[in-house]
Structures are given as C-alpha cells and as structure tokens.
Amino acid sequence: MAKTKSVYICSECGAMSPQWLGRCPSCGKFGTLVEEIAETPTPQKAAKRERSASFNKPVALSEVREEKFERISSGIAELDTVLGGGIVPGSLVLIGGDPGIGKSTLLTEVSAHLSKTQKVLYVSAEESCSQVKMRCARLKLDSSNLLLLNETCLEDIEEAIEDEKFVVIDSIQAVYTSELSSAAGSVGQVRECAGKLQRIAKGRGITFFIVGHVTKEGALAGPKVLEHIMDTVLYFEGEKEDNFKILRAYKNRFGSVQEVGVFEMTGEGIFGVTDYSDIFLSENRGQAAGSCVTPSETGNRCMMVEIQTLMAKTAYGLPRRMPLGIDYNKLVLLIAVLEKRCGLPFYNQDVYLNAMGGIRLNEPAVDLAVCAALASGFRNEPIDKYTAVFGEVGLTGEVRGVTFAEKRVNECIKMGFKKVIFPAKNFKSVKKFEGKIELVPVQYVNQAIKNLFTDQEKSKEAK
Ligand SMILES: Nc1ncnc2c1ncn2[C@@H]1O[C@H](COP(=O)(O)OP(=O)(O)O)[C@@H](O)[C@H]1O
Ligand SMILES: [Mg+2]
C-alpha cells in the first residue's frame with residue numbers, strides 16, 4: 001500500500017504544518033501539533049461527493065424505520081447493568097482504567113462466555129496468545145472456541161476480521177495504523193485508529209470492546225475525541241490494592257449513565273458483587289475516633305460507606321492534607337469551614353482521609369460525614385457505630401438538602417442503623433420513617449457535631 005501523506009495540525013488553532021514542530025507557529029502554543037492523514041481531493045472523490053449529496057435527502061420522522069436491537073447478555077450481570085441491560089450489537093464500548101485493574105480479565109471472561117454461542121475474536125496487542133491462554137486457564141474458562149490474534153497493525157486486524165460479530169481490542173494504545181508515521185499510542189494514532197474501528201463497527205455491524213489506558217491525571221490517554229467516537233465509555237475505578245472495583249458508565253448512547261457495577265477481584269477472576277451492603281464498612285467501626293458512616297448514592301445504588309480520618313501533629317511548617325477517595329480541594333474547604341464555623345483548629349494538624357474499600361465519593365452529600373469524621377478525630381471521641389450522617393455543607397457552615405434523602409434513610413434502616421443526622425431541608429421526605437430510626441435534622445454543621453458528641457456523653461453518664 002502506498003504511504004499516505006500526513007500533515008501536522010494544531011489542535012488549538014487548526015494551523016497546518018508539513019512537519020512536526022514543538023511550538024505552533026500560528027498561535028504560539030507548545031506541543032499542540034498532532035499528525036493527521038492529509039486528504040487530497042481527487043476527481044473520483046469529488047464526483048462521489050456530488051452523488052452522495054443527492055442520495056441523503058431529509059426524511060420525515062414518521063417515515064424513519066425504527067431499528068429494533070436485541071441486547072445480548074455478556075454473561076456478567078453487573079456489566080450488563082452498567083451497559084444498560086446488555087450488549088447492543090454493532091456498538092463500540094470503551095473500557096478505561098488504571099493498569100492492572102482488571103480490564104483484560106473482565107474482557108477475557110466476557111469473550112469466553114460469548115464464544116460459546118458466536119464467533120468472537122480477541123485481539124491482544126499487548127500480550128502474546130500464550131499469555132491470554134494462561135489467563136483463561138487460571139480463570140478456568142471454557143474458551144476452546146475463542147479466536148486469538150496477536151497483532152498491532154490495524155490494517156492487518158481489519159483483514160483478519162471475517163464474520164465475527166464480537167471483537168475485543170486490547171488495547172487501543174498498542175495498535176497503530178500504517179498510514180501515520182507517529183508511534184502507537186500517540187494522539188494522532190489513537191484518534192485515527194478509533195475512527196477506523198468505528199467505520200468497521202458501523203459498516204459491518206460488529207460489536208467492539210476496546211481497552212483504553214488511563215494517564216496519571218486520571219483521563220483516558222489520547223484525545224477527548226476518542227470518547228466522542230465511542231457509543232459507551234466505561235471506567236474502572238478503585239485502588240489497585242483493594243479487592244473491590246467499581247465500573248462506572250461515563251457515556252452511554254444506549255442506557256443510563258447512573259448505573260455502576262461492583263466487582264470483586266480474586267485470583268480466580270473477577271466477580272460481580274451482588275451483596276455490597278457492608279463491603280465499604282470496616283469490622284471494628286465505632287471503636288476508634290475519626291470515622292463516620294454515610295449512605296452514599298453511587299450510580300443508582302445507595303451504599304453505606306465509612307470515611308476514616310487521621311490527624312497527626314504537623315512536624316514541618318505547612319500541614320499536609322491527604323485525601324483518598326474524595327477531592328483534595330473539598331477536604332481543604334471542609335477543614336476551613338470547621339475552623340471558621342465550629343472553632344476546631346487544624347492549622348497544626350496533618351489530615352489524612354480515606355474512603356473505605358477504595359470507592360470514590362464525588363457527590364456533595366458526603367460533606368457532613370467528612371466534617372463529622374474530622375471532628376471525631378480532632379476530639380478523639382469515636383462516633384457511635386449505629387449512627388449515620390449525610391448532607392451537603394456550604395461555606396457559611398449551613399447544611400444543605402441533598403437528593404435521594406428517602407433512599408438514603410431507607411438504606412440506613414436496612415443496615416440496622418439507629419440514628420441518622422441529615423439536612424433539615426430533607427425532613428419532610430423522610431418524616432415517614434419516624435419510629436424506625438432516630439431522625440436528627442440539622443441546619444448547621446455545629447448542630448450536627450454537638451448532637452454527635454454531647455448526646456454520647458449523656459448516654460455514657462446514664463450508663
Ligand atoms: N497469575 C495470577 N494470579 C493471580 N492474580 C493475577 C495473576 N495474574 C494477574 N493477576 C491479577 O489480575 C489483575 C488484573 O490484571 P489485568 O486484567 O491484566 O489488568 P489490566 O488489563 O486492567 O491491566 C492484576 O491486578 C493482577 O494482580
Ligand atoms: Mg491488560
């Protein structure tokens with residue numbers, strides 16, 4: 001095949017250059033030039049363009065034929081849930097995540113399951129066929145019909161695909177197209193390869209599962225356009241050392257992005273967790289100071305998550321803030337609120353925070369529980385084991401109402417909690433639970449802290 005000509009285009013201003021430059025001569029930005037295939041309009045192409053213009057006429061919505069697609073089960077119930085009820089034939093699904101989190105393991109299991117009923121091709125661009133075979137053996141998978149291909153050139157992969165309806169590409173950063181001279185994994189390559197895979201998927205009705213790596217900053221390596229091309233983008237979350245991983249949908253053209261799947265990683269493979277009620281709680285909660293449990297809405301599920309904090313005296317100058325599972329800025333902000341509005345000084349304390357089980361808590365409803373855990377750590381008084389806390393905290397120290405209050409309180413009751421502290425704004429919607437659990441509506445953070453600790457003192461005295 002003749003080598004296609006490529007050009008370098010600035011991703012910021014669109015300026016074109018025949019060779020790569022560190023700095024765009026037009027807009028002056030550094031490192032923005034990306035290789036792309038140069039499109040030269042030939043007479044044949046121009047003619048084709050005219051013809052196709054006459055073919056695609058606007059049609060009335062009522063005349064558009066509805067395409068019915070039957071979803072196929074992936075064999076893993078949690079994955080089906082995240083996909084919106086199963087795999088949609090002809091779709092492109094991107095699975096992103098840190099190295100070693102279990103992307104290849106999950107897709108090997110899915111391919112082995114699907115290969116029992118249809119032709120499946122597993123393109124392993126990173127590992128050799130024998131490595132994949134070893135993994136299948138370790139996971140005890142029946143994969144005798146699974147087709148393996150160890151190839152990195154996209155054109156060769158395209159040729160190798162015959163009548164398979166399901167293809168796994170592991171990973172997009174390891175494949176390259178021979179039309180571009182840049183290295184595999186570069187922005188231009190990833191974009192071009194993804195575009196080509198999309199054309200194959202839509203043209204031939206093949207379902208693609210594509211593995212994508214995540215950069216240190218947490219974004220998918222490669223351009224944002226990779227996410228635009230895909231029908232569904234899933235991310236694997238969780239700390240590498242923890243057994244539990246969360247699969248979350250970030251984009252889904254065929255389902256809700258509210259769903260999450262909880263997986264457990266073991267030596268025998270990756271399993272969907274159906275009973276996730278106490279996996280984010282520690283066994284000896286309630287004994288040590290500095291921890292607080294909150295009902296957190298992750299995806300469409302409400303889970304009880306324990307937030308643990310630890311304070312240590314600052315040894316050198318600036319105090320450290322080290323949160324795991326919540327945003328750094330959020331922790332700094334909540335510490336400032338506690339200092340200013342509740343009179344708890346943290347200026348000479350290093351603060352470490354950890355959400356149990358490696359879960360990431362992004363919603364504002366965890367704010368009050370973080371404050372409660374910090375206050376508990378600071379006062380060196382544990383919070384009662386059967387008390388849960390939720391609510392958003394504003395800069396003035398007020399506790400704001402949150403969504404799904406009813407669901408959260410319900411989960412607390414289900415898990416045997418005896419008291420829940422929550423925003424007064426949500427009282428109306430949870431009033432019906434009175435009698436089943438002690439309801440403590442609060443308007444300000446210090447009300448919550450006062451209730452948590454003075455009440456406990458009272459009950460200790462009573463004992
Ligand atoms: N032989 C083995 N025995 C037990 N666990 C293994 C073995 N090989 C790999 N693993 C575990 O499987 C996990 C997932 O690996 P893998 O699916 O290849 O990750 P990814 O494709 O996301 O980089 C790794 O974290 C590793 O600890
Ligand atoms: Mg892998």
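How many bridges join strand E1 (residues 6-10) to E3, and in which sense do the two strands run? The legends below take up this pairing and several other close-up views. This is a predicted model, in which local features need pLDDT of at least 70 and side-chain atom pairs count only at pLDDT 80 or more, whereas totals for chains, interfaces and linings use all residues. Residues are numbered from 1 along each chain as its sequence is written, and chains are lettered from A and ligands numbered from 1 in the order in which they are written.

View 1. Strand E1 and strand E3 are joined by 5 bridges and run antiparallel, where helices (H or I, at least four residues) and strands (E, at least two) are DSSP runs numbered from the N terminus, and two strands pair if DSSP finds at least two bridges between them. These strands belong to an open sheet of 3 strands with antiparallel pairing and the order E2-E1-E3. Strand E2 (16-17) and strand E3 (33-37) each have a single partner strand and stand at the edges, so one side of each is left without a neighbour in the sheet.

View 2. Strand E5 (residues 120-124) is mostly covered, with 5 of its 5 residues buried; a residue is buried if 20 or more other C-beta atoms lie within 10 Å of its own, exposed if 12 or fewer, and partly exposed in between, with C-beta atoms placed from the backbone. Strand E5 runs parallel to strand E7 (residues 166-170), to which 5 bridges join it, and Ser124 stands opposite Asp170 of E7. Strand E5 also runs parallel to strand E6 (residues 147-149), here with 3 bridges, and Leu121 stands opposite Leu147 of E6. From E5 the chain crosses through helix H4 (residues 129-138) to E6 in a right-handed β-α-β crossover, a term that applies if, with the strands pointing away from the viewer, the path from the first strand over the helix to the second runs clockwise.

View 3. Asp170 and Ser171 are joined by a cis peptide bond with omega of about 5°, and Ser171 lies in the loop between E7 and helix H6 (187-204). Lys140, in the loop between H4 and E6, has a phi near 55°, a positive value in a residue other than glycine. Lys140 is exposed, because 10 other C-beta atoms lie within 10 Å. Phe404, found in the loop between strand E19 (399-400) and helix H10 (405-414), likewise has a positive phi, near 55°, in a residue other than glycine. Phe404 counts as partly exposed because it has 19 C-beta neighbours inside 10 Å.

**View 4. The shell around ligand 1.** Which residues surround ligand 1? They are Gly97, Pro99, Gly100, Ile101, Gly102, Lys103, Ser104, Thr105, Arg138 and Gly267, where a residue is near a molecule or strand if its C-beta atom, placed from the backbone, lies within 6 Å of it. Helix H3 (residues 103-114) gives the most to this shell, with 3 residues. By class, the shell has 2 nonpolar, 6 polar and 2 charged residues, with Ala, Val, Leu, Ile, Met, Phe, Trp, Tyr, Cys and Pro counted as nonpolar, Asp, Glu, Lys and Arg as charged, and the others, Gly among them, as polar.

**View 5. The antiparallel strands E9, E10 and E11.** Strand E9 (residues 232-237) pairs with strand E10 (residues 244-252) in the antiparallel sense over 6 bridges, and Glu237 has Ile246 of E10 as its bridge partner. Strand E10 is also joined to strand E11 (residues 260-266) by 5 bridges, again antiparallel, with Lys245 opposite Phe263 of E11.

**View 6. The setting of the close-ups in the whole protein.** The secondary structure comes to 12 helices and 21 strands, and of the 463 residues 39% count as buried. The domain assignment, which is automatic or taken from a database, gives domain 1 (1-40), domain 2 (77-272) and domain 3 (291-462). The C-alpha centres of domain 1 and domain 3 lie 51 Å apart, and the C-alpha atoms of the protein fill a box of roughly 90 × 55 × 55 Å, taken along the principal axes.
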